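Here is a short briefing on one protein chain. Look through the sequence and the structure first, then read the points below.

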Amino acid sequence: MRIHEVRTRRSADDFPRQEHLAFKIAEVAADPVDVPADTAAMVINRVIDNAAVSAASALRRPVAVARAQALAHPALSSGAKVFGVAGDFEPEWAAWANGVAVRELDFHDTFLAAEYSHPGDNIPPLVAVGQHLGIGGAQLIRGLATAYEIQINLAKGMCLHEHKIDHVAHLGPSVAAGLGTMLGLDAETIYSAVGQALHLTTATRQSRKGLISSWKAFAPAWAGKVGIEAVDRAMRGEGAPAPIWEGEDGVIAWLLSGPEHTYYVPLPEPGEPKRAILDSFTKEHSAEYQSQALIDLARRLRTRIADLGQVATIVLHTSHHTHFVIGTGSNDPQKFDPDASRETLDHSVMYIFAVALQDGTWHHERSYAPERAHRPDTVALWQKISTREDPYWTRRYHSTDPAEKAFGGRAEITLRSGAVIVDEVAVADAHPLGARPFERQQYIAKFLGLSEGVLGNAEQQRFLTVVEDLSGLRAGGLGALNVEIDPAVLDKAPSIPPGIFGRPSEDP
């Protein structure tokens, strides 16, 4: 890997295009290097993972809204697929609907470093464009390897959240770069698309603060849709604001750490295989990633406490990120509110730890149900939990050594008797270094479990047969990655009122 120094440049500086971070990303995307076998295998795992969580979210209201919008944009000729539905649709709208389905339950893959990311958000836009343009499976894998590479390396080198910028600002450029690889575009075209995509996907983190709304699921889908449109414009010869990161009025100067700061962004050397996807990890539990290990810790601790009513206090010692984003360091009273939205409870490690400690399990629907959040014994236990930043866990969170990097914490449970129970866990059970690492069989089991009752057995098996031979799918075959849900099942989704799209025009 080569570490690139990225800082603000004056308009009067001699700063050739080839030195712009956007151009360096474009060169990585245009590099025809082969995809390693382990990278290709992990891409397939994540396509399975996305299908699993999309099936589980298919009947949820935000997904039904996005699907209704996409269905109002049928393709005039060949098009992309909307998850669960027959027919062909415009690719940017299919990517929109499928991106919301993937993101709604906060249940797919993650990478955490200087910045947060959910790199599986790259899959819906690349699949949609691939279906629309008749791309083959091998090219899709190449594109996704690039998309993961760019988003993960931007997350390693450039923190967004400390300036309250949402992490989808790294997703727009990664989608554009991945599409560039998949479509075999030249570096100049990809450069313009990356610049446009970044310019249009910077937004504040208010979407993940306080009372969190369903927009949390829509935000990455928006970035994917923007990335597609940016590539389309760039292919037609349109340029972009430049240098987008380094300019005097650019992202670093005004949205991030300012003109005096230098960022260090790793990117592969020419000819170096793209392997960043192997640094990422998926979720066993439908909750914010920094709570994954703590759910596993709660499941383990509950066997050591005979009566949870005897708990006086619980303090979770954890990283800066966990404390301030999903812990009491956020100062969000909504994180203790039984009437809070699912998205808010998903970002309250206090609620999550209380329920996991009581139930010994975690479920993507039951654990968030209003009646579950209102249980008096849960509310009482929930109020006793707090978090504290511990420099040890902050250091491990930011470690560049995969063997040391950790997203867990230490729980100190004080009983009314004065006895103290202490235990800790560094990584989630499903993490590559965890007690039960996810491999292909676990991804398949997750898909089968989450799609049960949504897909029939024959459709489940058909999809798995197709996806496991993704590299062998010929041009025009990516439509087979879509699954069709029985319309009678989809009819159980909430009824969506009409909006602008799809309404018949009325004569004045």
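**Pocket between two domains**

Domain 1 (2–282) and domain 2 (289–425) both contribute residues to the lining of the largest pocket, so the pocket lies between them. The model is predicted: local features need pLDDT of at least 70, side-chain atom pairs count only at pLDDT 80 or more, and totals for chains, interfaces and linings use all residues. Residues are numbered from 1 along each chain as its sequence is written, and side-chain values use heavy atoms, with hydrogens and water left out.

**The domains**
- The domain bounds come from an automatic or database domain assignment.
- The C-alpha centres of domain 1 and domain 2 are 31 Å apart.
- In domain 1, 22 residues are in contact (heavy atoms within 4.5 Å) with 20 residues of domain 2.
- A UniProt record, an unreviewed entry, lists residues 285–470 as "domain: MmgE/PrpD C-terminal"; such annotations may be inferred rather than shown by experiment.
- Residues 285–470 are 40% helix and 14% strand. Helices (H or I, at least four residues) and strands (E, at least two) are DSSP runs, numbered from the N terminus.
- The end C-alpha atoms of 285–470 lie 26 Å apart.

**The largest pocket**
- A pocket here is an open set of points on a 1 Å grid over the protein atoms alone, where a 1.4 Å probe fits, with protein on both sides within 12 Å along at least five of seven lines.
- The space in the largest pocket is about 570 Å³. Volume means the space filled by probe spheres set on the points, which are joined across faces, edges and corners.
- Its lining has 24 residues, where lining means having an atom within 4 Å of a point.
- Phe 111, Lys 156, Asp 279, Pro 402 and Lys 405 lie nearest the pocket centre.
- The lining divides into 14 nonpolar, 6 polar and 4 charged residues. Ala, Val, Leu, Ile, Met, Phe, Trp, Tyr, Cys and Pro count as nonpolar; Asp, Glu, Lys and Arg as charged; the others, Gly among them, as polar.

**Helix α5**
- In α5 (residues 123–133), 9 of 11 residues are buried, meaning under 20% relative accessible area (1.4 Å probe, protein chains only).
- The buried residues include Ile 123, Leu 126, Val 129 and Gln 131.
- They pack against α2 (37–57), α4 (91–103), α6 (137–157), α7 (168–183) and α9 (215–235).
- Gly 134 follows α5 and has a positive phi, near 70 degrees.

**Thr 322**
- Thr 322 sits in helix α12 (residues 320–325).
- Thr 322 is buried, at 1% relative accessible area.
- Leaving aside residues up to four places away in sequence, Thr 322 touches Gln 290 and Gly 327.

Notes. Buried < 20%, exposed > 50% of the residue type's maximum accessible area, 1.4 Å probe, protein only.
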